[in-house]
Amino acid sequence: QVQLVESGGGLVQAGGSLRLSCAASGSIVSINIMGWYRQAPGKQRELVAAIASDGTSNYEDSVKGRFTVFRDNAKKAVYLQMNALQPEDTGVYYCNAKGLLPLFRGFDSWGQGTQVTVSS
């Protein structure tokens with residue numbers, strides 16, 4: 001079983017910054033992909049940014065140039081630095097991790113979510 005614990009959400013004014021953190025724990029052999037998704041009220045959950053174990057990353061178009069995803073493999077952690085926040089960035093942000101457990105079992109786990117609210 002894999003647990004993901006997020007922190008760092010909150011209320012910020014437009015133009016401000018926040019950093020989200022997520023740490024994984026459990027009987028993890030390796031983590032291939034770690035990422036951040038968000039869900040705005042009345043909308044589907046969408047991928048914001050993801051990063052592979054080799055450091056390759058990808059971003060949703062609206063956050064390119066403003067958000068940066070990075071990870072610490074030794075700590076099994078992923079971070080999302082969010083700058084120039086806009087009201088449209090408001091939502092619940094979820095951490096996701098995909099990887100391997102012992103005996104070649106895969107996992108695809110989610111954190112509990114952290115609220116990010118950007119006021120105009």
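Asn96 has its place in strand β9, which spans residues 91-101. The structure is a predicted model.

- Asn96 has a relative accessible area of 1%, and because the limit for a buried residue is under 20%, Asn96 is classed as buried.
- Apart from neighbours within four places in sequence, the residues in contact with Asn96 are Leu4, Ile33, Met34, Gly35, Tyr37, Asp108, Ser109 and Trp110.
- The side chains of Asn96 and Lys98 are joined by a polar contact of 2.6 Å.
- The side chain of Asn96 also reaches the backbone oxygen of Ser109, at a distance of 3.1 Å.
- Arg71 is 25 residues from Asn96 in sequence, and the two C-alpha atoms are 12 Å apart in space.

**Aromatic pairs**

- A pair of aromatic rings is described by two quantities, the distance of the centres and the angle of the planes.
- The count of aromatic pairs in this model is two.
- One of them is formed by Tyr37 and Trp110, with 4.9 Å from centre to centre and 65° between the planes, an edge-to-face arrangement.
- This pair links distant parts of the chain, since Tyr37 belongs to strand β4 (residues 30-39) and Trp110 to strand β10, 73 residues apart.
- Tyr37 is buried, at a relative accessible area of 19%, whereas Trp110 is partly exposed, at 36%.
- Phe70 and Tyr79 form a stacked aromatic pair, with centres 5.1 Å apart and 25° between the planes.
- Phe70 is partly exposed, with a relative accessible area of 29%, while Tyr79 counts as buried at 17%.

**A charged group over aromatic rings**

- The charged end of Arg45 sits over the ring of Tyr94, at 3.7 Å from the centre of that ring.
- Arg45 also lies over the face of Trp110, 4.7 Å from the ring centre.

**The nonpolar core**

- In soluble globular proteins, nonpolar side chains tend to be buried together.
- The largest nonpolar core of this model holds 28 residues, and those touching the most other members are Trp36, Phe67, Val78, Leu80, Met82 and Tyr93.
- Two or more residues of this core come from each of β1 (2-7), β3 (18-26), β4, β5 (46-52), β7, β8, β9 and β11 (114-119).

- Most residues other than glycine have a negative phi.
- Lys76 is not a glycine, yet its phi is positive, near 55°.
- Lys76 lies in the loop between β7 (67-72) and β8 (77-82), and is partly exposed, with a relative accessible area of 29%.
- Phe104 likewise has a positive phi, of about 60°, although it is not a glycine.
- Phe104 is found in the loop between β9 and β10 (105-110).
- The relative accessibility of Phe104 is 77%, and because exposed means over 50%, Phe104 counts as exposed.

Notes: Residues numbered from 1 in each chain as written. Predicted model: local features only at pLDDT ≥ 70, side-chain atom pairs only at ≥ 80, totals over all residues. Heavy atoms only, no water. Helix = DSSP H or I, 4+ residues; strand = E, 2+ residues; numbered from the N terminus. Buried < 20%, exposed > 50% of the residue type's maximum accessible area, 1.4 Å probe, protein only. Contact = heavy atoms within 4.5 Å. Polar contact = N/O pair within 3.5 Å; in protein donor to acceptor, adjacent residues only side chain to side chain. Phe/Tyr/Trp six-rings, centres within 6.5 Å; stacked < 30°, edge-to-face > 60°. Lys NZ or Arg CZ within 6 Å of the ring centre and 35° of its normal. Core = buried A, V, L, I, M, F, W, Y, C linked by side-chain atoms within 4.5 Å.
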